[in-house]
Amino acid sequence: MSFSSSILRLLSIFVTAFAQTGPEVASYFRKHLSNTSTVYLPSESNYSVETTQRWNAFSAPTYIISVKPSTDFDVQKIIEYAFLHNISFLGTGGGHAYSVTVETVQNGIEIDLGNFNTVSIDQTASTMTVGGAVHFANITGPLYDAGKEFQVGSCSCVGILGATLGGGVGPYGGLHGLQIDALESVRMVTGTGSLIEVSSTSHPDLWWGIRGAGFNFGIVTSATYQVYNFTHNGQAMSADFRFHAVQNASLYEFARSFTGRMPDAFSIDIAIAYNESFGGTYLFANFIYVGPLDEGIALIQPLIDLGPFDQNITMIPWKDIETSSKFGIDAVACIKGKFHSVWGLNLYQIDVPTLIAAVNYMDAVYAQNVDFRFAFLAIDMYAPRVTESIPDSRTAYPYRSAVARFLFDVGFSNSSRATVASQVGRTARSIFIPTSGASTSNIEVYVNYGHGDEGPLGWYAERKLPRLNDLKNRYDPNRLFSHYNAIEATFSGSNDNY
């Protein structure tokens, strides 16, 4: 099925003269989708229970209806209907997108992939096939039981496909590269309505594009990945520390010292946070080492000597890294429905004076804004050797040379503070931009960490955009998939609008 013809485009113009209400859309889908598909209106009492709710309530999309298809063909029918009636839509897997660009969907259709929730592991082939709604939390246990591992992200509640399509970073990336580097194939419905398999041998042009910009071309309903035999018998050292804010320079200098010499099995995550019981502003840090405990402790001994006021160093199964590390913060971080103004930036060097300035800035923010004391500002560093070993030309992902990533989550509970939260986030990012080490004047950011104001040059890089736009014209000519950090229809070569 394909609906990119000029006749259907003309038909869509005629049909959209008659706006569709939620009940009308629901009636249509209940008649035309498979028997196991379900439809929910926001006014229904079970809506929030039966549909995937967003992690972030800030700058959120709104829907007249949520549809939970059961088959790929259902997804095709929903997209065709939305196209013909000029109704915007989003596909929802984990519901974890940060970007404010999703708010361009208002009174749209949510395509909730919750029924695409299967996980299948082939131990002999070392592959894993997952449905479009599978979260990292759904794969770690089965993989561990099969004697396998995978480069998961840092939060268990994130959808694996959403993370992967933007690149996919995480602490095991030092061993295995980005998640897109483990991807073997996907099954997807494109913007033309076609249901296709995409791999290195099937639609190889799109195979390049989906690995780093995949959400611009369609909805992925399933994907197959390479998985790996256990490293160090499936065990890793997780070392959590809490430091007083005055110790920040030594902590950041420790991180900087690993630039260019980071062991593949080592990862660093440091965050500025606030807790009244800890004396206010403090830093917490997590270090993963996939190897013997004594080797890991030798790497972090300077920090033990620095004298943290709290620490927890233990060997854990790799499957528990997301949930157990960072003093178990995952359980709190995964709570849905809060307000988060999220900001990111690539770092190509670790500039300690900039990080010290960030601690001072956050200390002032916490002191002046009680509502923002749930905010945290983090940098993550994952060993780059394997990621950088993949040629830049092989995938659309543009930032393999980044040393670290800045991520600032301005969490708040009162929607009236949204404007101030954005000002706080933008100011924090501006502290890092001058010393980020970027080779261009664009705000270069890992697309999954993008706030939404960076623009295509920041998300995808100038050298990648011409080819991405060619793919857009071929696989989504009607720009149906243009509501999340989207590729521009015409590449202008400038970033003046951001």
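**Exercise 1. Strands E2 and E4**

Task: How many bridges join strand E2 to strand E4, and do the strands run parallel or antiparallel?

Solution. Take strand E2, residues 63–68, and strand E4, residues 108–112. Strands here are DSSP runs of E with at least two residues, helices are runs of H or I with at least four, and both are numbered from the N terminus. Four bridges join E2 to E4, and the two run parallel. Two strands pair if DSSP finds at least two bridges between them. Now look across: Ile65 stands opposite Ile109 in E4.

A word on the source: this is a predicted model, in which local features need pLDDT of at least 70 and side-chain atom pairs count only at pLDDT 80 or more, while totals for chains, interfaces and linings use all residues. Residues are numbered from 1 along each chain as its sequence is written, and side-chain values use heavy atoms, with hydrogens and water left out.

**Exercise 2. The sheet and its helices**

Task: What is the order of the four strands in the open sheet? Which strands are the edge strands?

Solution. The order is E1-E2-E4-E3, and the pairing is mixed. Strand E1 (38–40) and strand E3 (89–92) are the edges, since each pairs on one side only. On average, neighbouring strands are turned by 20° against each other, direction ignored.

Helix H2, residues 22–32, lies across E1, E2 and E4 and runs at about 15° to E2. Helix H4, residues 72–84, packs on the sheet and touches E2, E3 and E4. The direction of H4 makes about 170° with that of E4. Contact means heavy atoms within 4.5 Å. Axes are lines fitted to C-alpha atoms, for helices over the stretch in contact, and angles run from 0 to 180 degrees between N-to-C directions.

**Exercise 3. Aromatic rings**

Task: How many aromatic pairs does the structure hold? Which residues do ring pairs link to Phe258 in a cluster?

Solution. The structure holds 28 aromatic pairs. Rings of Phe, Tyr and Trp (its six-membered ring) pair if their centres lie within 6.5 Å; planes under 30 degrees apart count as stacked, over 60 as edge-to-face and the rest as tilted. Phe258 and Phe266 form a tilted pair, 5.1 Å centre to centre with 50° between the planes. Both Phe258 and Phe266 are buried. Ring pairs link Phe241, Phe243, Phe254, Phe258, Phe266 and Phe287 into a cluster.

Finally, look for a charge. The charged end of Arg261 sits over the ring of Phe258, 4.4 Å from its centre. The cut-offs are NZ of Lys or CZ of Arg within 6 Å of the ring centre and within 35 degrees of the ring normal.

How values were computed:
Buried means under 20% relative accessible area, exposed over 50%, partly exposed in between (1.4 Å probe, protein chains only).
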